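Please give a short report on this protein chain. Start with strand pairing, then cover the packing helices and the overall dimensions.

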Amino acid sequence: MNDLTLLPFEAFAQTLPKPSRDLTPRERRYYVWTVGCQMNISDSERLEAALQGVGYAPAERPEEASFIVLNSCSVRASAEERIMGKLGELQRVKREQPDTRVVLWGCMVGPNNLSIFKQKLPVVDHFVSPSAVDEVLALAPNPIYQLEDPALPVADWTHPPVSVHVPIQYGCNMSCAFCVIPLRRGRERSRPLAEIVDEVTRIVARGAKEITLLGQIVDSWGHDLPGRPGLADLLRAIHDVPGLVRLRFLTSHPAWMVDKLIQTVAELPKCMPEINLPVQSGDDGILKIMRRGYTVQRYRDLIGRIRAAMPHVAMTTDVIVGHPGEQRQHFQGTLDLASEIRFDKIHIAAYSWRPGTRAGEMEENPEFAVPEPEKQIRRIELERMQEQISTERNAAYLDQTVEVLVEGESKGKWRGRTPQNKLVFFSDAENWTGRLALVHITKTGAWSLQGQLAGERIPA
Ligand code: SF4
C-alpha cells in the first residue's frame with residue numbers, strides 16, 4: 001500500500017471525532033476499483049493511503065465494504081463499458097446492504113454528463129471529478145482517527161512500493177480531436193515545485209526508490225506557475241532527494257519536448273533513458289485532423305535530437321489507427337514511420353468514438369468513419385510489425401549485464417526493470433525487492449528479458 005500525501009491526511013485525521021460506538025468490520029472497510037491510466041492508478045493509490053490513514057482497511061470484495069469507489073476512465077468506450085458492468089454488479093450489493101455508499105469518480109464524471117448520470121445511475125450516491133482525492137475522502141462514511149487497530153490490517157506506513165507515481169500536473173490545455181480528457185479533467189494545473197519536492201522527499205524517506213512524475217503533458221509542467229519553471233528545473237530539484245535512485249516522467253508531448261529538457265535528462269544520472277513520446281499517426285494530414293500541433297518531419301527531427309543526446313535511450317510511442325479520415329495510404333505512413341524509427345514499444349489503440357469530441361463528430365459521418373473490421377486489421381498489422389521490431393531491439397541485450405531495480409516477485413522469480421524500462425526476470429534465494437541487481441541476460445523476447453544474477457550495485 002502506498003504512503004503518499006501523508007502529512008495533510010494525518011492532519012485531517014486528527015480533526016476527526018472518536019466514533020460513538022464500535023464500528024463493524026464492514027463499516028471500517030473500503031473497496032476501490034480502478035480502470036484507466038497511470039494517473040488514475042496514482043489517484044487511487046493516494047486515496048487508499050488516505051483512507052487507511054482515517055482508520056479504513058481494504059476489502060477484497062465490494063460486499064465486504066461500506067464505502068465503494070469506482071475510479072473511471074473515458075479514453076475508450078470499452079473502459080466505460082467495464083465501469084457500467086461493475087455498477088450493474090453493485091446494484092445487488094446496494095439492495096442487500098442499503099447503507100453502502102457508492103462513489104463514481106474519475107474521467108467519466110464531467111460537467112456535461114452529470115445530470116444524465118444522476119438519472120441513469122441511482123446506484124451511485126456521489127459523483128466526483130478526476131483527481132479530487134480529498135473530495136472522495138470527505139465522503140467516507142465512518143472516518144476515525146485511529147491509525148492502529150490489531151483487528152484490521154492498517155496502512156503500511158514504512159514500506160511504500162519500490163516505484164511510485166507522483167502527479168505533478170492535472171488537466172490538459174490541448175484539444176486533440178480524438179481526446180475527451182480536456183472535457184473531463186479541465187484546464188492544466190501544475191502543482192508547485194516545493195510541494196512536489198516535499199512529497200517526493202517523504203515518499204523516498206519511507207523507502208521508495210523510483211519516482212515517476214505524471215502529467216497529461218508532463219513536459220509542459222510549470223508554464224502556469226510564477227516564474228514559469230520547466231520540467232528540467234523540477235527534475236534537477238528532485239534529483240538531489242537523498243535515497244532516490246531513479247527518476248522518470250510520463251507522458252510527453254512532442255510540441256513541449258524542448259532541448260533543455262533533453263539535455264537535462266541526458267546529464268542527470270538518476271534520470272532514466274526512456275521517453276514516451278506519443279506520435280499518434282505517421283501522416284501529416286491525419287496529424288492535422290487530430291490537431292496534434294506537429295508534423296511527421298518535426299517529430300522525426302525531435303527523435304534524432306533525443307537519440308543524439310542519449311544513444312542508449314528507449315523510445316516508446318502511442319498510435320491511434322483508424323482515426324476518422326484515415327485512409328489506407330495514411331495508415332501506410334504510420335507503418336513507414338514505425339519501421340524507420342524502430343521504437344522500443346508502441347501502445348496501439350484502434351480509434352474509439354468519444355462523445356463531444358471533434359473526431360467523434362467526424363466518426364458519425366460515414367464518409368470519414370473507418371469500418372471497425374478495418375480498424376482491427378490495421379491494429380493487428382502494426383502490432384505484428386512492432387512485435388518483430390521489439391524482438392530485434394531486445395535481442396541486443398543478449399549476453400549483456402544490465403542493472404535492474406527489483407520491484408518484487410512474480411511466479412517464483414524476481415521481477416524488475418532496466419534503466420530503459422525493460423522488464424527482467426531472474427531467480428535467487430535472497431530477497432531483492434528494492435535493490436539494484438546486476439543481471440546477465442541469457443534470453444530475450446519482445447516483451448521481457450531473462451537472466452542470471454551477476455552482482456549488486458549499492459547506490460551512492
Ligand atoms: S495532449 Fe491531446 S491526447 Fe493528451 S490529454 Fe491532452 S488532449 Fe488528450
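Strand 3 (residues 67–72) pairs with strand 4 (residues 101–106) in the parallel sense, over six bridges. Two strands pair if DSSP finds at least two bridges between them. V69 stands opposite V103 in strand 4. This is a predicted model: local features need pLDDT of at least 70, side-chain atom pairs count only at pLDDT 80 or more, and totals for chains, interfaces and linings use all residues. Residues are numbered from 1 along each chain as its sequence is written.

The pairing belongs to an open sheet of five strands, with order 2-1-3-4-5 and parallel pairing. Strand 2 (57–58) and strand 5 (126–128) stand at the edges with a single partner strand each, so one side of each has no neighbour in the sheet.

Two helices contact this sheet. Contact means C-beta atoms, placed from the backbone, within 7 Å. Axes are lines fitted to C-alpha atoms, for helices over the stretch in contact; angles run from 0 to 180 degrees between N-to-C directions.

| Helix 2 (residues 38–53) | strand 1 (29–34), strand 2, strand 3, strand 4 | about 175° with strand 1 |

The protein chain has 14 helices and 18 strands in total. These are DSSP runs, numbered from the N terminus: helices are H or I with at least four residues, strands E with at least two. Along the principal axes, the C-alpha atoms fill a box of roughly 65 × 60 × 50 Å. Of the contacts with a separation of 6 or more, 76% join residues 24 or more positions apart.
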